[in-house]
Amino acid sequence: MTRLLSVAFGLCFAVTLVSAQEAVKPAKVAIGKQAPTFKFKDQSGKVIDLADLLAKGPVLVRLTCGCSGCDKELAYFQEIDKAYKKAGLTSVAIFREPDAKVAKYAADKKINMLYGIDSKGAAWNVFQTKTMPTNFLIGKGGEILAIAPGCDTSGLLAKKLAERIAKTV
């Protein structure tokens, strides 16, 4: 009888552990789901909370670097920022490069949209992607409206995102 109670207790404990582990798993990042909790330091070192940006309007988050492909795409995303900023869009580029390199790159490219530096790749973990670049269009309030992974120097990917943004703002 004692052995039976021990086995039963052990099973209950195991189920509780599995349930607790499932409860702490982050929600899957997908279209139609809420954006993950995310904070980053902007170019001036100020901590920015994605939730604060989303309270104001839609946000385009671009996880990127300064490679030649991302560099060619940057012009398209700066145009998207310029075209939709007055309508309420906030564009954010998160670079996975060392601080000094990004500062020089931003000055050279005259980046005038919000950007941050994440040399350790925490943003890629939070947004559950390994693809560079990946773009997330998140609606006001936090629903993920579009995910556009990969590099497209032709501008087609940026054009499709811009069309989706136009329907959002």
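A salt bridge here is a side-chain nitrogen of Lys or Arg within 4 Å of a carboxyl oxygen of Asp or Glu. By that rule, this predicted model comes out with five salt bridges. One of them joins Arg 62 and Glu 73, whose closest N and O atoms sit 2.7 Å apart. Arg 62 belongs to strand S3 and Glu 73 to helix H3, so this pair ties together parts that are eleven residues apart in sequence. Both partners are tucked away: Arg 62 is buried, and so is Glu 73.

Another of the salt bridges pairs Glu 97 with Lys 101, with the closest N and O atoms 3.3 Å apart. Here Glu 97 counts as buried, since its relative accessibility is 12% and the cut-off for buried is under 20%. Lys 101, at 46%, counts as partly exposed.

As for the sheet, it is open and has five strands in the order S5-S4-S3-S6-S7, with mixed pairing. Strands S5 (114–117) and S7 (144–149) are the edges, each pairing on one side only. From one strand to the next, the twist averages 15 degrees. S4 (residues 90–95) and S5 run parallel over four bridges, and Ala 93 stands opposite Tyr 115 in S5. S6 and S7, by contrast, pair in the antiparallel sense over five bridges, with Ile 144 in S7 as the bridge partner of Ile 138. Five residues lie between the strands of this hairpin, and Gly 141 takes a positive phi near 100 degrees there.

Helix H3 (residues 68–84) lies across S3 (59–64), S4 and S6 (134–138), running at about 170 degrees to S3. Helix H6 (residues 156–168) packs on the sheet too, touching S3, S6 and S7, and its direction makes about 175 degrees with that of S7.

Found in the loop between S5 and helix H5 (122–126), Asp 118 is buried yet has no salt bridge, and the nearest side chain of opposite charge, Arg 96, is 6.4 Å away. What the Asp 118 side chain does reach is the backbone nitrogen of Ala 122, at 2.9 Å. Its contacts include Ile 94, Phe 95 and Trp 124.

Conventions: Residues numbered from 1 in each chain as written. Predicted model: local features only at pLDDT ≥ 70, side-chain atom pairs only at ≥ 80, totals over all residues. Heavy atoms only, no water. Pairing = 2+ DSSP bridges. Helix = DSSP H or I, 4+ residues; strand = E, 2+ residues; numbered from the N terminus. Axes fitted to C-alpha atoms, helices over the stretch in contact; angles between N-to-C directions. Contact = heavy atoms within 4.5 Å. Buried < 20%, exposed > 50% of the residue type's maximum accessible area, 1.4 Å probe, protein only. Lys, Arg positive; Asp, Glu negative; His and termini not counted. Polar contact = N/O pair within 3.5 Å; in protein donor to acceptor, adjacent residues only side chain to side chain. Lists of a residue's contacts leave out its neighbours within four places in sequence.
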